[in-house]
Amino acid sequence: MRLLVCGGAGFIGSNFVRQRLAEHGDEVTVLDKLTYAGRRENLEGLEVRLVAGGIEDAAAVADAIEGCDAIVNFAAETHVDRSITEPDAFVTTHALGTYVLLEAARERSLRYVQVSTDEVYGSIEDGSFTEQSPLNPSSPYSATKAGADLLVASYRHTFGLEALICRGSNNYGPYQYPEKLIPLMILNALHGDKLPVYGDGMQVRNWIFVEDFARGIGTVLERGEPGEVYNVGGPDEAPNLDVVKGIIRYTGADESLIEYVTDRPGHDRRYSLGSEKVRGLGWEARTRFAEGLERTVSWYRDNRPWWEPIRSGDYRAYYERQYGRALG
Ligand code: NAD
Ligand code: DAU
């Protein structure tokens, strides 16, 4: 396939590109705005055409889309905490950006996969969300992602666009920016810095190893039914505190590093996705959480040159604002 991968220089997008090149022989163009989370290093050694630009920029999209058969859109602002303090970019990228991409897909009759999130369903105390569950987002991040999903669905309904939506649960693995729980805790543990747990630490997330999610998206791209939504959830769920204790075990850090800090406003208590529908397309998660977490800790331990420039740059200022303390 000749793919346009928007947001392909980020965490999941770059893992997806790596997988498509190695296992499917696709030709890939990446369109990425190269925000703080989008890094050329994530695509190092991969044979791709990289166009630096925003999905909200119609000229950049027209340039990047040349010769492509399908679009997979990962491009997004993805950190819930940032959506609470600075929501503007979330609205621009998710609403305007998705609209510009959909128009480009419609003009060229391209297949279009929107990468979305379990957060659009909101929080669930027991059981799991299905694709029929109502959208009930909590944060500016998830509300704008839900808005983008609705826009995608409208392009299917109104214009017959070959559009599909893939909703994933919490991803973890190599190349994840260390503002997110798992890489943040791994790097802090390796440095002997405090491990900031929000609230009581009993919020539950449904963890999926990034390679499994990437394969799920590939499955939907190749075999999904246009107009359909597919949930792609991980095989295990865990409260944040257990995740942090697992990281402490694998890094050999001390439990006294755990520090309970002010909770995130509007914090969702639990996410859980039922993934029967995508299993019907032949997809299955391959990596259980304990194994994936150990592999992830090893990757960060072995890839210092990847994260060192992050820990010494703007990230330090972000960290200080977010946690009210300097990194050690
Ligand atoms: P990320 O923050 O690591 O990467 C996002 C990428 O999008 C970056 O490369 C960034 O430069 C790029 N980008 C941002 N705004 C852009 C714009 N206007 N135009 C072009 N590029 C832009 O995020 P991620 O974790 O890899 O998430 C990728 C997608 O998967 C997102 O749509 C996210 O909502 C979804 N998702 C993430 C998770 C998760 O746990 N990380 C789970 C489910 C779904
Ligand atoms: O569920 C899918 C979503 O998962 C994606 O759509 C988002 O893009 C992605 O960022 C992620 O959102 P979360 O808010 O669940 O992820 P985050 O890593 O920010 O936080 C995971 C949990 O850990 C959450 O309950 C908040 C908590 N947390 C997070 C940080 C950064 C802490 O306790 N301390 C922290 O320092």
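Predicted model: local features only at pLDDT ≥ 70, side-chain atom pairs only at ≥ 80, totals over all residues.
View 1. Strand 5 gives the most, with 3 residues. Sort the shell by residue type and you get 11 nonpolar, 14 polar and 4 charged residues.

**View 2. Who touches ligand 1?** There are 29 residues around ligand 1, and Ile12, Asp32, Thr78, Tyr141 and Lys145 come nearest. Look for an oxygen atom of the ligand 2.8 Å from a polar backbone atom of Ile12. A nitrogen atom of ligand 1 sits 2.9 Å from a polar backbone atom of Ile55, and a nitrogen atom is also 2.9 Å from an N or O atom in the side chain of Glu56. On its own, ligand 1 would expose 830 Å², but the protein buries 97% of that.

View 3. The model has 19 aromatic pairs. One of them joins Tyr172 and Phe289, edge-to-face, with 5.1 Å centre to centre and 75° between the planes. Tyr172 belongs to strand 7 and Phe289 to helix 10 (residues 289-302), so this pair ties together parts that are 117 residues apart in sequence. Both Tyr172 and Phe289 are buried.

**View 4. Tyrosines together.** Tyr315 and Tyr319 make a tilted pair, 6.2 Å centre to centre with 45° between the planes. They're 4 residues apart in helix 12 (residues 314-323), so about one helical turn separates them.

**View 5. Charges over rings.** The charged end of Arg39 sits over the ring of Trp306, 4.9 Å from its centre. Arg249 lies over the face of Tyr250, 5.7 Å from the ring centre.

Definitions and conventions: Residues numbered from 1 in each chain as written. Chains lettered and ligands numbered in written order. Heavy atoms only, no water. Near = heavy atom within 4 Å. Polar contact = N/O pair within 3.5 Å; in protein donor to acceptor, adjacent residues only side chain to side chain. Areas by Shrake-Rupley, 256 points an atom, 1.4 Å probe, with all protein chains shown as cover. Helix = DSSP H or I, 4+ residues; strand = E, 2+ residues; numbered from the N terminus. Nonpolar A, V, L, I, M, F, W, Y, C, P; charged D, E, K, R; others polar. Phe/Tyr/Trp six-rings, centres within 6.5 Å; stacked < 30°, edge-to-face > 60°. Buried < 20%, exposed > 50% of the residue type's maximum accessible area, 1.4 Å probe, protein only. Lys NZ or Arg CZ within 6 Å of the ring centre and 35° of its normal.
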